[in-house]
Amino acid sequence: MALSDALPQAWPEERRRIVRDSIAVGVATGTYGVSFGAVSVAAGLSVLQTCLLSLVMFTGASQFALVGVLAAGGTPAAGAATALLLGTRNTLYGLRLAPLLGWTRWRKATVAQLVIDESTAMSVTRDHRAAARIGFLTTGVAVFAGWNAATAVGALVGNTIGDPRTYGLDAAVGAAFLALLWPRLRDRRNQLVAVGAVAVALGLVPVTAAGVPVLAAGGVALLAGVLSRRQDPTEVPSPDDVGGGR
Amino acid sequence: MTLWGAVIVGSLGCYLLKLAGVSVPSRVLDHPVIERVADLIPVALLAALVAVQVFAGQGRLELDARAAGLAFAVVALLFRAPFLVVVFGAAVVAGLLRLWWG
């Protein structure tokens, strides 16, 4: 669906409101980059590697997955594969966003980096193009700035505190994954898929190399997606899910 | 693959996945099964990551202070606590348990 280019009467006021809300989301999301930075160096990555992940990978769930798999003793290849699988949802967000934002080729190559949960949530609900663009750009840039600054702080602090297990940072990783999963658990089918994935993963832990159980659990998503008949549009997080609510 | 390999391949790959989404004509990927699988992948992987992160260690299942951290996270999420409270609260709970019981 392409949006109209016409501006509504109250645009300056609406624009101010969208910018304010988007920056609030950026600040709220950006700050938890601190936890990514701390967890990443605890998993054995250097401060430089940690900061590069936030700059170039720039998608929270994939970043946490990469360092989580490594922390659990998985191979770098298994970590990268898990991160890429989680990155596929941004492809689907991009499909939804492209006609809304209506940007040309070269602009797309730069704004693509900003396609994440938060920027998608703050733009797909708008009813005209200028609002969708400003919501997407302001949120994307605010999250990018906050997330990268906070990652550096978390990594530098994490680097100086010694054995992460003493501070329970290994437990923080599981909590981070649960917090990322939480908004999706309202749906019944998602709950069943989650339970199936947990069963597959835990069942495989004693018999496979670390990193394999998580990738194998992705098979549950494949199976459920192929067998399910329900027609539904791509699930996009609501502004509530990315705001201060979590 | 080395650690650096994972950082570089994972990062560039994630960018290309984003670029593909805003670049390819929507009919290429616009299929109900692809859409459903793509929606379910984060659910399955994140759930598996929670389980493995909390209950796995050295090729076997373990129940330790991490489980208490997860229990804290569940309660905090039920009360709609902010992300940082959920994550660092879980760490504090697990850290304190280890302090008390070695």
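**Exercise 1.** Decide whether A90(B) is buried or exposed.

*Solution.* Count the other C-beta atoms within 10 Å of A90(B): there are 32. A residue is buried if 20 or more other C-beta atoms lie within 10 Å of its own, exposed if 12 or fewer, and partly exposed in between, with C-beta atoms placed from the backbone. A90(B) is therefore buried.

This is a predicted model, in which local features need pLDDT of at least 70, side-chain atom pairs count only at pLDDT 80 or more, and totals for chains, interfaces and linings use all residues. Residues are numbered from 1 along each chain as its sequence is written, while chains are lettered from A and ligands numbered from 1 in the order in which they are written.

**Exercise 2.** Place A90(B) in its chain and list its contacts, leaving aside neighbours within four places in sequence.

*Solution.* First, find the element: A90(B) is in helix α5 of chain B. Helices (H or I, at least four residues) and strands (E, at least two) are DSSP runs, numbered from the N terminus. Next, apply the contact rule: C-beta atoms, placed from the backbone, lie within 7 Å. From chain A this gives A171(A), A172(A) and A175(A); from chain B it gives G69(B), L70(B), F72(B) and A73(B).

**Exercise 3.** Describe the side of chain B that touches chain A.

*Solution.* Start with the totals: 69 residues of chain B are in contact with 86 residues of chain A. Then look for the main contributor: α3(B) gives the most, with 23 residues.

**Exercise 4.** State how many helices and strands chain A has, and what share of its residues is buried.

*Solution.* Chain A has 12 helices and 0 strands. Of its 246 residues, 55% count as buried.

Key:
Two residues are in contact if their C-beta atoms, placed from the backbone, lie within 7 Å.
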